[in-house]
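Let's sit down with this model and learn how to read its side-chain contacts, one kind at a time.

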Amino acid sequence: MNRHVRSRTTVYAAGALALLAAATGCTSDAGSGAASAALVPASGSPAGGAAAVPSRSAGPSPTASPTASPTGGGPAAGDAAAWAKWHLAPLPPAPPAPADKPVKLARTGPVPVFSEVKTSDKVVFVTIDDGAEKDPKFVEMLTDLKVPVSMFLTRDIVKDDYGYFKRLQALGNHVHNHTVDHAQLSKVPPEKQKSEICDAQAALTQQYGTPPLLFRPPYGDGANTPALNTAVQQCGPRAVVLWRESMQIHDMQYQAADKKLRAGDIVLAHFRGPKDLKGETMTQMFGELLARIQEQGFAVARLEDYIEAPAA
Ligand SMILES: [Zn+2]
C-alpha cells in the first residue's frame with residue numbers, strides 16, 4: 001500500500017542511526033567477548049565415512065528437493081539433517097513470498113531509502129557486504145541450509161574472483177551494488193559519487209547478467225543526501241538499502257534499544273574471514289548469526305521477494 005516503507009522523517013532518523021551503527025558496519029574491528037561454539041560441518045570430520053549427511057558440496061541437486069516449500073513462493077529451509085551438520089537448530093521456513101509486495105519501486109524519480117520492510121510476516125532479511133572473504137565452505141553452507149541472502153558487492157574487492165559469487169547467485173541469491181572501491185561517498189564530489197556507483201553497476205551487470213536493483217553506500221554514508229540520490233538515479237539502482245542490525249562476530253548490534261529483531265528488519269553482515277573476525281571463519285560467524293535469528297523465532301526471507309521491481 002505505501003509506496004515507500006518509511007516517511008521522510010523516519011528515513012532521516014534511520015540514516016543517522018545507520019551512521020552510528022556504521023562505526024563497525026564495514027570495518028574490521030568488530031567483535032564481542034563471548035566465546036563461540038565451534039561451527040564446523042560434521043561431515044568434515046576426519047573420522048570420515050560415517051557422516052550422516054551426504055555431501056552436497058557439488059552444488060544444489062536438480063532433483064532432490066525434500067524441503068521445497070509446500071506453499072511455493074517462499075524459500076525452502078534446509079532439512080533437519082543439514083542444520084545438524086552445521087550444529088544449528090533449524091530456522092522456521094519462510095512464508096510464501098507476498099503477492100502484494102510491501103515495497104514498490106518506480107522506474108524513474110528519486111529512490112527510496114529504507115532499512116526495514118513493512119510486513120507482519122515473522123521474517124528478517126540477511127544482506128552480506130563487500131566480498132573480501134571467498135570461503136568455499138560458505139557456499140556449501142548456503143547450499144545445505146537454503147538460507148537466502150542478498151549480496152552488496154564492491155567491484156574492486158570481488159574482481160579477483162567474480163566466479164565465487166556466481167556460485168552463490170546460482171543458489172538464487174541476488175547481487176547488488178556497493179560501489180567500485182568502498183569510498184566514503186559524502187567525502188567525494190558528485191561526479192566521483194556517480195562513477196563509484198555507475199562503474200560498479202556496469203561491472204556487476206556484465207558479470208552477473210542482471211543490473212543490480214539496489215544500492216548500499218559504504219558505511220551507510222550519505223544515504224539521505226540529494227547528491228547521492230541523484231547519482232543512484234543516474235546509474236540504475238532503484239533503492240538505497242540500509243540496515244537495522246549489524247552482525248559482528250558472535251552477536252548483532254541492534255539499533256533498537258531493546259536489542260530485539262522486528263518483523264521486516266534488514267540485517268547487515270560481511271564476507272569476512274579469520275583475519276577480520278579474530279580467528280573465526282565466515283561459516284562460524286554466519287552460524288552465530290543464524291542462531292541469534294533462530295533464538296528469536298524468526299525465519300529468513302528473500303529480500304527481493306518483498307520488493308516489486310519497476311515495470312520494464
Ligand atoms: Zn561495505
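## Reading charges and rings

A: Let's start with a charge on a ring: K122 lies over the face of F298, at 5.1 Å from the ring centre. Keep in mind that this is a predicted model.

Q: Which ring does R216 lie over, and at what distance from the ring centre?

A: R216 sits over the face of F152, 4.4 Å from the ring centre.

Q: What share of the contacts between residues at least 6 apart in sequence joins residues at least 24 apart?

A: That share is 79% in this chain.

Q: On to salt bridges. What is the general idea?

A: Side chains of opposite charge can pair when their charged atoms come close. Here the cut-off is a Lys or Arg side-chain nitrogen within 4 Å of an Asp or Glu carboxyl oxygen. By that rule the count is 14 salt bridges.

Q: What is the N to O distance for E140 and K85?

A: For E140 and K85 it's 2.7 Å, and their side chains form a salt bridge. E140 belongs to helix α3 (residues 136–145) and K85 to helix α2 (residues 80–85), so this pair ties together parts 55 residues apart in sequence.

Q: Are those two residues buried or exposed?

A: E140 counts as buried, at 10% relative accessibility. K85 counts as buried too, at 2%. The cut-off for buried is under 20%.

Q: Which residue does K137 form a salt bridge with?

A: K137 pairs with E140, and the closest N and O atoms are 3.2 Å apart. K137 and E140 are 3 residues apart in helix α3, which puts about one helical turn between them. K137 is partly exposed, with a relative accessible area of 34%.

Q: How would I read D156 and K159?

A: Read them as another salt bridge, at 3.4 Å from N to O. D156 is partly exposed at 30% relative accessible area, and K159 is partly exposed at 47%.

Q: Which residues do salt bridges with shared partners join into one network?

A: K85, K137, E140 and D144 are joined that way.

Q: Now for ring pairs. What describes a pair of aromatic rings?

A: You describe the pair by the distance of the centres and the angle of the planes. In this structure the count comes to 6 aromatic pairs. One of them is F138 with F286, an edge-to-face pair at 4.9 Å centre to centre with 75° between the planes. F138 lies in helix α3 and F286 in helix α8 (residues 282–295), so the pair ties together parts 148 residues apart in sequence. F138 is buried, with a relative accessible area of 0%, and F286 counts as buried at 0% as well.

Q: Why is the pair of Y162 and Y208 edge-to-face?

A: The ring centres of Y162 and Y208 are 6.1 Å apart and the planes are at 75°, so the pair is edge-to-face; the cut-off for that label is over 60 degrees. Y162 lies in helix α5 (residues 162–169) and Y208 in helix α6 (residues 190–208), so this pair ties together parts 46 residues apart in sequence. Both Y162 and Y208 are buried.

Q: Which residues do ring pairs link into a cluster?

A: The cluster holds F138, Y164, F165, F271 and F286.

Methods:
Residues are numbered from 1 along each chain as its sequence is written. This is a predicted model: local features need pLDDT of at least 70, side-chain atom pairs count only at pLDDT 80 or more; totals for chains, interfaces and linings use all residues. Side-chain values use heavy atoms; hydrogens and water are left out. Helices (H or I, at least four residues) and strands (E, at least two) are DSSP runs, numbered from the N terminus. Buried means under 20% relative accessible area, exposed over 50%, partly exposed in between (1.4 Å probe, protein chains only). Contact means heavy atoms within 4.5 Å. Rings of Phe, Tyr and Trp (its six-membered ring) pair if their centres lie within 6.5 Å; planes under 30 degrees apart count as stacked, over 60 as edge-to-face and the rest as tilted. A charge sits over a ring if NZ of Lys or CZ of Arg is within 6 Å of the ring centre and within 35 degrees of the ring normal.
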